[in-house]
Amino acid sequence: MRKPFVAGNWKMNLNKANSVALASQLSDIDVGETVDVAICPPSVYLDCVSTALGDGQVRLGAQDVYYQEKGAFTGEISPAMLADVGCRYAILGHSERRHVIGETDELINKKVHAALAGGLIPIVCVGELLEQREAGQTMDVIRAQFTGSLANLDAAKMENVVIAYEPVWAIGTGQVASPEQAEEVHSDLRKLLENSYNQEVAQSVRIQYGGSVKPDNALDLLAQPNIDGALVGGASLKADDFAAIIKAAKV
Ligand code: PGA
């Protein structure tokens with residue numbers, strides 16, 4: 001059985017005081033043993049959020065990582081630095097990094113390998129644009145991102161990766177994918193895992209859904225057989241909403 005995993009992506013929001021306050025509120029949630037939970041604050045607040053979370057069940061993740069270990073890479077952060085401040089996860093290839101910053105599958109793949117080598121669990125995002133969905137290209141896009149971003153990973157490494165399906169048209173728009181639309185892509189992704197690896201890998205890799213997940217739609221999405229959790233943006237900035245989504249993942 002795959003353990004559901006709910007992660008909050010704070011993106012470029014909040015200030016230090018708000019970050020610490022939100023993390024402290026979340027650290028009080030009784031997460032339990034049946035779900036994994038993480039929050040991914042802006043990198044500049046990782047350290048203070050880590051302290052605010054303490055030894056609780058809510059874990060820490062970064063929103064990105066660079067693929068080099070150290071050196072002259074102005075502005076970048078290495079996997080070891082993230083691990084050093086308590087990160088367990090790193091979101092990689094988020095649609096905003098693909099489409100706003102211009103990251104390619106090739107770059108994301110280097111980051112995935114570096115994150116794994118540095119002991120981090122990558123949350124690798126894939127997802128189609130609205131025009132790609134409307135042109136019937138959804139699975140072609142997902143397949144290309146899967147193949148490119150996750151290239152050259154053996155089965156043991158792949159089992160440590162979390163995939164997040166995030167249709168770009170659903171991110172931050174309030175226009176959530178229907179449970180059926182999401183499940184269709186998730187089940188195709190699992191077939192892709194089985195064809196690329198084997199059944200064991202396909203059954204163990206967790207595939208989160210992301211894109212306008214809210215307390216009122218989380219239950220229906222998470223009830224789908226191939227949806228193993230959520231990557232939550234806007235609703236992760238409110239303790240009550242995020243707690244409600246965690247609760248939905250426990251059902
Ligand atoms: P959203 O963002 O929940 O605000 O749509 C999701 C994400 O980008 O991970």
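Predicted model: local features only at pLDDT ≥ 70, side-chain atom pairs only at ≥ 80, totals over all residues.

Leaving aside its neighbours within four places in sequence, which residues is N9 in contact with?

**Entry 1, N9.** I looked up the contacts and got C40, Q63, I91, H94, L231, V232, G233 and S236, with the neighbours within four places in sequence left out. N9 belongs to strand 1, which covers residues 5-9.

Some names from the first entry came back here. I found 13 residues surrounding the ligand, with K11, H94, E166, G172 and S212 as the closest. H94, a contact of N9, puts a polar side-chain atom 2.6 Å from a ligand oxygen. G233, also on the N9 contact list, has a backbone N or O atom 2.8 Å from an oxygen atom of the ligand. For G234 I noted a backbone N or O atom at 2.8 Å from a ligand oxygen. How much of the ligand's own accessible area does the protein cover? I got 97% of 280 Å². Sorting the shell residues gave me 4 nonpolar, 7 polar and 2 charged.

Last, I searched the whole structure for aromatic pairs and found 4. Y66, Y67 and F73 came up as one aromatic cluster.

How values were computed
Residues numbered from 1 in each chain as written. Heavy atoms only, no water. Phe/Tyr/Trp six-rings, centres within 6.5 Å; stacked < 30°, edge-to-face > 60°. Helix = DSSP H or I, 4+ residues; strand = E, 2+ residues; numbered from the N terminus. Contact = heavy atoms within 4.5 Å. Near = heavy atom within 4 Å. Polar contact = N/O pair within 3.5 Å; in protein donor to acceptor, adjacent residues only side chain to side chain. Areas by Shrake-Rupley, 256 points an atom, 1.4 Å probe, with all protein chains shown as cover. Nonpolar A, V, L, I, M, F, W, Y, C, P; charged D, E, K, R; others polar.
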